[in-house]
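Here is a friendly briefing on the spaces and the ring contacts in this structure. Have the model open as you read, and follow along residue by residue.

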Amino acid sequence: MSVVSEDTFNSTSHFMGTNAVVQFVLQPILAFGVIFHLSMGIYLDTQNNKARSVKYAMNKPGTNSSWMSRNMKITGIMILLFLGLHFYDFWIPELNTKYIVGDMSGLNEHGGMRYFEELQHKFADPIWVILYVLSFVFLALHLLHGFQSAFQSVGFRHTKYTPIIQKLGNIYAIVVPLGFMFIAIFHYVSQL
Amino acid sequence: MSDKGMNLTLKIWRQKDAQSQGKMETYQIADISEHMSFLEMLDVLNEQLISEGQEPVAFDHDCREGICGMCSLYINGEAHGPDRGVTTCQLHMRMFNDGDTIYIEPFRAKAFPVVKDLVVDRSAFDRIQHSGGFVSVNTSGNTQDANALPIPKDDADKAFDAATCIGCGACVATCKNASAMLYVSAKVSQFALLPQGKVEAKDRVMNMVKQMDLEGFGNCTNTGACEVECPKGISLDNIARMNREYLKAAIDK
Ligand code: SF4
Ligand code: FES
């Protein structure tokens, strides 16, 4: 949206940031989901580490499984680090402006909408753009395994549909992060 | 066919007993025929060790024809070695080259404790099986002929495929989480697919999964490594089936 029209981005951001359903229903559900996913991940991983106390002297896991499937912890931690940064950099200042300072207007000091301007400002910094793009590489790797793995875990597997799910999952895992990367790079390049 | 007569360096896990600390030891072995099976190569090594007055290497084996599931070994970083669809007893030395170094380790899992050298205790599998891997059939003398029950060919085939699991434990050894899901799901599936197994389906899956967790196996993260290394080609379809069976049973209970 930010790529297409400044105004649409501003109004959507304002809507997302002030709408009660989004803020007080959807956002908590998402937050709960993230926390649940994270705590289950940590819990199961601790069990898994305990399940093999002595490691192999020689191991070739690459011969039977993909790197993504074996390193969900690494890609997950990278995504979490990005989330932490995103919180510190975006969420906390947002909360501060809206609920502590009490400014729900979404306006900057000149009376214009502030969202697009803030976004442009963020992506003017090449370091931030690189960090952002890298995080989405990790998200892509995480999803490449995660999407189809989720179906298997709930028992959905079918000779006809599983290959389709795997393909759709691969497309989703690449297209969505690629879209986010594009946004960052677009705004960086457009300000050069 | 000419015989290569390979000279090999073997790095083998030696451990006196369950309590002792083990370590990798290096052995040289000469003139190994490419036609030998991997276990025959170990037999040659053991004869050599005995003649030198050393303790032979303990390893599990029984049928030596790929049907009993007794042989094991983690060879050069893979369960049952580098070949596909075979057990260690069916692995041939032609898969290796003269001058190779071969790492030979026991299957590693907390639930498979080492007994001695390369021998591990896989009785955890037996306990899982005892907890639900059976059908209660009346054997009073009026037992119904199995053929009297119509079963779709597709289901019968899938049940048979699941039943080909020989309980070797390569799936556990291979899994980065030492998960036993492939084994347990094969044992659940072979019954779940047949009408005779439907009666106890819910208790079976709940109890077998419970026992699996009690034994200390890890959790499945769907890496798919087990299916690749399984000598019997047990499919991940079985794991999905068990997940379905488990969900159904858990919701109903
Ligand atoms: S599922 Fe395959 S690897 Fe696992 S115990 Fe059965 S035969 Fe062995
Ligand atoms: S010894 Fe029986 S399967 Fe290998």
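A cavity, in the sense used here, is a set of grid points where a 1.4 Å probe fits but cannot get out, and its volume is the space filled by probe spheres set on the points. Please keep in mind that this is a predicted model. With that in hand, the whole structure turns out to hold two cavities of 30 Å³ or more, and a search over all chains gives 19 aromatic pairs.

**The largest cavity**

- Sorted by class, the lining of the largest cavity has eight nonpolar and six polar residues, with no charged ones.

**The second largest cavity**

- About 70 Å³ of space lies in the second largest cavity.
- Here 13 residues form the lining, and those closest to the centre are Cys165(B), Cys168(B), Cys171(B), Cys230(B) and Ile234(B).
- Helix H5(B) gives the largest share of the lining of the second largest cavity, namely three residues.
- The lining of the second largest cavity counts 11 nonpolar and two polar residues, and no charged residues.

**The second largest pocket**

- Turning to open space, the second largest pocket has a volume of about 440 Å³.
- Of the 20 residues that line the second largest pocket, Lys158(B), Leu193(B), Asp237(B), Asn238(B) and Arg241(B) lie nearest its centre.
- Helix H3 (153-163) and helix H9 (237-252) of chain B are the elements that give two or more residues to this lining.
- H9(B) provides the largest share of the lining of the second largest pocket, with six residues.
- By class, the lining of the second largest pocket has 10 charged, six polar and four nonpolar residues.

**Aromatic contacts in chain A**

- Among the 19 aromatic pairs found over all chains, Phe82(A) and Tyr132(A) have ring centres 5.6 Å apart and planes at 75°, so this pair is edge-to-face.
- The pair links distant parts of the chain, with Phe82(A) in helix H4 (residues 72-100) of chain A and Tyr132(A) in helix H6 (residues 126-153) of chain A, 50 residues apart.
- Are these two residues buried or exposed? Phe82(A) counts as buried because its relative accessibility is 13%, and Tyr132(A), with a relative accessible area of 11%, is buried too.
- One aromatic cluster is formed by Phe82(A), Phe123(A), Trp128(A), Tyr132(A), Phe136(A) and Phe180(A).

- Phe112(B) and Phe125(B) form an edge-to-face aromatic pair, 5.3 Å centre to centre and with 75° between the planes.
- Phe112(B) lies in the loop between strand S5 (101-105) and strand S6 (114-116) of chain B, while Phe125(B) lies in helix H2 (residues 123-130) of chain B, so the pair ties together parts that are 13 residues apart in sequence.
- Phe112(B) counts as buried at 1% relative accessibility, and Phe125(B) counts as buried at 2%.
- Another ring to look at is that of Trp13(B): the charged end of Arg108(B) sits over this ring, 4.1 Å from its centre.

How values were computed: Residues are numbered from 1 along each chain as its sequence is written. Chains are lettered from A and ligands numbered from 1 in the order in which they are written. This is a predicted model: local features need pLDDT of at least 70, side-chain atom pairs count only at pLDDT 80 or more; totals for chains, interfaces and linings use all residues. Side-chain values use heavy atoms; hydrogens and water are left out. On a 1 Å grid over the protein atoms alone, a cavity is a set of points where a 1.4 Å probe fits but cannot get out, and a pocket is an open set with protein on both sides within 12 Å along at least five of seven lines; lining residues have an atom within 4 Å of a point. Ala, Val, Leu, Ile, Met, Phe, Trp, Tyr, Cys and Pro count as nonpolar, Asp, Glu, Lys and Arg as charged, and the others, Gly among them, as polar. Helices (H or I, at least four residues) and strands (E, at least two) are DSSP runs, numbered from the N terminus. Rings of Phe, Tyr and Trp (its six-membered ring) pair if their centres lie within 6.5 Å; planes under 30 degrees apart count as stacked, over 60 as edge-to-face and the rest as tilted. Buried means under 20% relative accessible area, exposed over 50%, partly exposed in between (1.4 Å probe, protein chains only). A charge sits over a ring if NZ of Lys or CZ of Arg is within 6 Å of the ring centre and within 35 degrees of the ring normal.
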